[in-house]
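Visitor: I have never looked at this one before, so please take me through it slowly.

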Amino acid sequence: MSNKPLMVAMPKGRIFEEAVALLRKAGYPLPPEFEASRKLIIPVPEANMAFILAKPTDVPTYVEYGVADVGVVGKDVLLEEEREVYELLDLEISFCHLSIAGLPDWRPTLSPRVATKYPKVASAYFRKQGQQVEVIKLNGSIELAPIVGLADRIVDIVSTGRTLQENGLVELEKMMDISSRLIANQVSYRMRHTEIEEMRVRLQEVILEGKHVKNSEK
Ligand code: PRP
């Protein structure tokens with residue numbers, strides 16, 4: 001076994017807490033101050049691991065370049081970033097979906113504009129449907145675009161639906177379900193196969209256990 005700590009890229013933000021809880025359940029001794037810390041690299045020597053806290057969209061980049069051996073990332077980001085990484089496991093956390101939304105009185109126009117954080121995913125989706133649209137890339141607060149007249153529709157993540165509702169928008173079409181995934185660097189997956197596979201199996205056991213608990217509650 002290599003002595004170098006296994007580097008794990010974690011997304012700061014809404015996935016983070018659920019991912020930390022899942023890793024703890026899988027027996028990884030993440031310190032209590034893990035969530036509160038402002039540190040960007042958190043070593044966990046007991047587990048011979050270190051965690052990199054990155055912006056969610058950058059997680060696949062750290063993993064592709066091998067700075068991180070593995071990472072946790074939303075399927076939405078994974079599809080948009082198109083990085084050369086292995087997708088190892090659906091972690092079944094941070095469930096949401098990617099949808100087309102707009103104002104309730106939205107009507108098709110000749111040259112529709114779609115605002116999104118996911119230009120590649122959105123372009124591919126509309127192309128497949130034979131719809132010609134102009135895709136406008138935004139970096140956040142996507143719901144603003146139809147309200148102020150920047151775009152006719154948006155392609156964005158819907159979780160609770162509150163942001164749409166509070167901004168007077170409606171979901172027009174559900175495009176796909178999204179959850180977080182465990183990804184691995186392709187070289188690390190060969191070189192540190194035992195450790196990474198152990199992590200995948202441990203996480204999978206927790207996910208299956210959770211399902212059993214839910215089923216027995218029925
Ligand atoms: C995401 C997404 C929506 C919102 C959906 O934004 O882009 O705006 O969450 O969540 P809801 O259905 O529970 O309201 P995020 O909070 O990541 O911030 P952003 O606007 O900067 O993208």
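**Around the ligand**

Guide: Let us begin at the ligand, where one of its oxygen atoms is 2.4 Å from an N or O atom in the side chain of Thr163. Such a polar contact is a pair of N or O atoms within 3.5 Å, and inside the protein one atom must be able to donate a hydrogen and the other to accept it, while residues adjacent in sequence count only if both atoms belong to side chains. Please keep in mind that this is a predicted model, in which local features need pLDDT of at least 70 and side-chain atom pairs pLDDT 80 or more, whereas totals for chains, interfaces and linings use all residues. Numbering runs from 1 along each chain as its sequence is written, and side-chain values use heavy atoms, with hydrogens and water left out.

Visitor: Okay, and how far is Arg14 from an oxygen atom of the ligand?

Guide: A polar atom in the side chain of Arg14 is placed 2.7 Å from a ligand oxygen.

Visitor: Which residues around the ligand come nearest?

Guide: There are 13 residues around the ligand, and those that come nearest are Arg14, Lys117, Glu143, Thr160 and Thr163. To count as near, a residue needs one of its heavy atoms within 4 Å.

Visitor: And which helix and strand each supply at least two residues of that shell around the ligand?

Guide: They are strand S9, covering 153-158, and helix H6, covering 162-166. The largest share comes from S9, which gives three residues to the shell. Helices (H or I, at least four residues) and strands (E, at least two) are DSSP runs, numbered from the N terminus.

**The whole chain**

Visitor: Let's zoom out: how many helices and strands are in the chain?

Guide: The chain has eight helices and 11 strands. Its C-alpha trace, taken along the principal axes, spans about 60 × 45 × 35 Å.

Visitor: What percentage of the chain is made up of buried residues?

Guide: Of the 218 residues in the chain, 44% are buried. Buried means under 20% relative accessible area, exposed means over 50%, and partly exposed is in between (1.4 Å probe, protein chains only).

**Some loop residues**

Visitor: New topic, then: where does Arg192 lie?

Guide: Arg192 is in the loop that joins helix H7 (186-191) to helix H8 (193-217).

Visitor: Is Arg192 buried or exposed, and why?

Guide: Arg192 counts as buried because its relative accessibility is 7%. Its side chain also makes a contact with the backbone oxygen of Pro5, which it reaches at 3.4 Å.

Visitor: What about the backbone angles, for instance, what is phi of Glu82?

Guide: Phi of Glu82 is near 50 degrees, which is a positive value in a residue other than glycine. Most residues other than glycine have a negative phi. Glu82 belongs to the loop between helix H3 (75-81) and strand S5 (86-90), and it counts as exposed because its relative accessibility is 54%.

Visitor: And what is phi of Ser94?

Guide: For Ser94, too, phi is positive, near 50 degrees, and this residue is not a glycine either. Ser94 sits in the loop between S5 and strand S6 (96-102), but there the relative accessibility is 15%, so Ser94 counts as buried.

**Distances across the chain**

Visitor: One last one: where is Ile142 placed?

Guide: Ile142 is in the loop between strand S8 (134-137) and H5. Its relative accessibility is 1%, so Ile142 counts as buried. From Ile142 to Val8 the C-alpha distance is 30 Å, and the two are 134 residues apart in sequence.
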